[in-house]
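Let us walk through one protein model step by step. Keep the sequence and the 3D view side by side as you read.

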Amino acid sequence: SATVAGMTVKTTSESSVVSTGTDSVASVSIASNTELVNNKKFIAGVEVTTAYSDVAATLVYQVSHNGTEWADYATMSSDITPNVDEVKVFVVDTTNLYAPYHRIHFNPTGQNIGTSGKLKFFYAFS
C-alpha cells in the first residue's frame, strides 16, 4: 500500500505459478468497509510480470456478500493479452454498488494459460 497524489494504491505480491494451465488467479478480498471502493469510479488492473500463454484470458471484477461466494460484476477485459509482460489498467465503476467484498479475478473461464506465468493485481482509490 502507498499514497500517491492523495490516492491509496494497493498492489498484491506477485502470484505463484498455477499448477494446471486452466487454473485462475484471484486477488485477495477487498473489504469495502476499509478500502472505500463502493459507489465510486477508480482504476484497477493487473501487471503480468512473467508471460502466460497466448490465449484470450479474461479479467473480471467480482463482488460477494460473504467473501466466499463470488459473482461477476463487470468484465474488465475479454483478453488481457497474458502473453505480454505489461501493466493493464481499467476503470471500475461501482457507482450505486454497495457490496461488502470485492476482488479482481484473472482467467475465471479456465482458458489454458500455461503454468509459468505470474502477475500482480492493483487498484487505486481516494
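Begin with a pair of charged residues: the side chains of K88 and E86 meet in a salt bridge, with N and O 3.8 Å apart. A salt bridge here is a side-chain nitrogen of Lys or Arg within 4 Å of a carboxyl oxygen of Asp or Glu. K88 has 7% relative accessibility, so K88 counts as buried. E86 has 37%, so E86 counts as partly exposed. The cut-offs are these: buried is under 20% relative accessible area, exposed is over 50%, and partly exposed lies in between (1.4 Å probe, protein chains only).

A word on the source. This is a predicted model, where local features need pLDDT of at least 70 and side-chain atom pairs count only at pLDDT 80 or more, while totals for chains, interfaces and linings use all residues. Residues are numbered from 1 along each chain as its sequence is written, and side-chain values use heavy atoms, with hydrogens and water left out.

How many salt bridges does the rule give? The count comes to two. K10 forms one with E35, and the closest N and O atoms are 3.5 Å apart. This pair links distant parts of the chain: K10 sits in strand β2 (residues 7-11), E35 sits in helix α1 (residues 32-35), and 25 residues separate them. Helices (H or I, at least four residues) and strands (E, at least two) are DSSP runs, numbered from the N terminus. K10 is partly exposed, because its relative accessibility is 22%. E35 is buried, because its value is 11%.

Now move to strand β6 (residues 59-64), where Q62 is found. Is Q62 buried or exposed? Its relative accessibility is 5%, so Q62 counts as buried. Look at what surrounds it. Leaving out residues up to four places away in sequence, Q62 touches W70, A71, D72, Y73, Y101, H102, R103 and H105. Contact means heavy atoms within 4.5 Å. The Q62 side chain makes a polar contact with the side chain of R103 at 2.7 Å. The Q62 side chain also makes a polar contact with the side chain of H105, at 3.1 Å. A polar contact is a pair of N or O atoms within 3.5 Å; within protein, one must be able to donate a hydrogen and the other to accept it, and residues adjacent in sequence count only if both atoms are side-chain atoms.

Strand β6 has a partner. Six bridges join β6 to strand β7 (residues 70-77), and the two run antiparallel. Strands pair if DSSP finds at least two bridges between them. S64 stands opposite W70 in β7. The hairpin has five residues between the strands, and G67 takes a positive phi near 80° there.

R103 turns up again elsewhere. S27 lies in the loop between β3 (25-26) and β4 (30-31). Beyond its neighbours within four places in sequence, S27 is in contact with R103, I104 and F121. S27 is buried, because its relative accessibility is 11%.

Finish at the surface. V91 lies in strand β8. V91 is exposed, because its relative accessible area is 62%.
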